[in-house]
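Please open the model in your viewer and keep the sequence panel beside it. This tour tells you what to select at each stop and what is to be found there.

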Amino acid sequence: MSEAEITMSAGQGAAMEASPYGIQSKKLTMWLFIASDAVTFGAILFGYSYLRAGTPNWPTPFEAGSIVNGVIMTFVLLTSSLTMLGAVIAAKQGRKSACIQWLGATIVLGIIFAALHLREWFRMFHEGWSLSNNPMGGTTLFGATFFCITGLHLMHVISGIIALVVIAIGYNTDWLDAGHVETTGLYWHFVDLVWMFVFPLLYLMNVGR
Amino acid sequence: MEAKHEPTLAGYVGIWIGLLCIVGIEVFLTLMKLPTHELLASLLVLAFIEAAIGLLYFMHLKYEKHILLWSLIPAVVFVLFMMNHIWPDAFRMASMKVPIQ
């Protein structure tokens, strides 16, 4: 959307100064949320790293084979970012049907990611891992940090799936516009981006050597 | 203002393949069984490269006005940089070799 369109969308005859950022206010708001959420994830990952570095008997429960699930999850989430881009491009071009299809694909991939995530969790529960238990002996901090950080990320994914469903319905019924699709896309890409740090730090760094 | 030309979906597919390649490198380095600090440094560098690509291309920061990037990124980087004060204490705990339950 151009600056002129942004100004015009403020109301008929509105004499507004153009946005210094040249984007819609909802998009700027999403960027501010993302900045704050990045710091939140940064803080908990720093906290995890502090405990990891300061704990001599930190367990490394993952085997080389068991990170396959994590690799598949990463592939699914990265692919969902690509389908989200397809939705944003289609929305900007006014191709509603294509946009809905791309959004549908993103939602399905998001659900697959969440299902794989929960499968991983239940496998670990079955092995005896929990927030306060370590079946390998030693510190229980691994379970506490692993489930809290991946849980917070999973919560973001589930929230994103719900948001995408709402956006798809709203865009399909002309209640929402392409700007809403783009703004939700920013959130979805951010969730993907956070996983780019969670996967290496929590999975790959805890593969037994 | 969106003066800069954004990539097409085909262009984004190329970026997506690049990101998948970086993930592949991360897994390869893990399977190489590098020393912990070397692996951590390598994985963090690759994660930051992925994050930069994601921000610039997938999140379109490259195609927005530069003021948006300069308003957001330095502030986040500064806050994350300041969190590095914790390391001396973490290494102190590690050197004490006290098992934490």
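This is a predicted model: local features need pLDDT of at least 70, side-chain atom pairs count only at pLDDT 80 or more; totals for chains, interfaces and linings use all residues.

Residues are numbered from 1 along each chain as its sequence is written, and chains are lettered from A and ligands numbered from 1 in the order in which they are written.

**Stop 1: chain A.** Select chain A, where you will find 6 helices and 0 strands; helices (H or I, at least four residues) and strands (E, at least two) are DSSP runs, numbered from the N terminus. The C-alpha trace of chain A spans about 70 × 35 × 25 Å along its principal axes. Of the 209 residues in chain A, 40% are buried, a term for residues with 20 or more other C-beta atoms within 10 Å of their own, the C-beta atoms being placed from the backbone.

**Stop 2: helix α2 of chain A.** Now select residues 25-54 of chain A, which form helix α2, with 30 residues and a reach of 43 Å from the first C-alpha to the last, close to the 44 Å expected at 1.5 Å a residue (the expected span is 1.5 Å times one less than the number of residues). Among the buried residues of α2(A) are Trp31(A), Ile34(A) and Tyr48(A). Which elements do the buried residues of α2(A) pack against? They pack against α5 (141-172) and α6 (178-203) of chain A, together with α3 (66-82) and α4 (87-96) of chain B.

**Stop 3: the largest nonpolar core.** A nonpolar core is a set of buried Ala, Val, Leu, Ile, Met, Phe, Trp, Tyr and Cys residues joined through C-beta atoms within 7 Å. The largest one has 66 residues, and Cys99(A) and Leu103(A) are among those with the most contacts inside it. To this core α6(A) gives the most, with 16 residues. Select Cys99(A) next: leaving aside neighbours within four places in sequence, Cys99(A) is in contact (C-beta atoms, placed from the backbone, within 7 Å) with Ala87(A), Ala90(A), Ala91(A), Tyr171(A) and Val181(A).

**Stop 4: where the chains touch.** Finally, show both chains, whose contact takes 42 residues from chain B and 45 residues from chain A. On the side of chain B that touches chain A, α1(B) gives the most, with 11 residues.

How values were computed. A residue is buried if 20 or more other C-beta atoms lie within 10 Å of its own, exposed if 12 or fewer, and partly exposed in between; C-beta atoms are placed from the backbone. Two residues are in contact if their C-beta atoms, placed from the backbone, lie within 7 Å.
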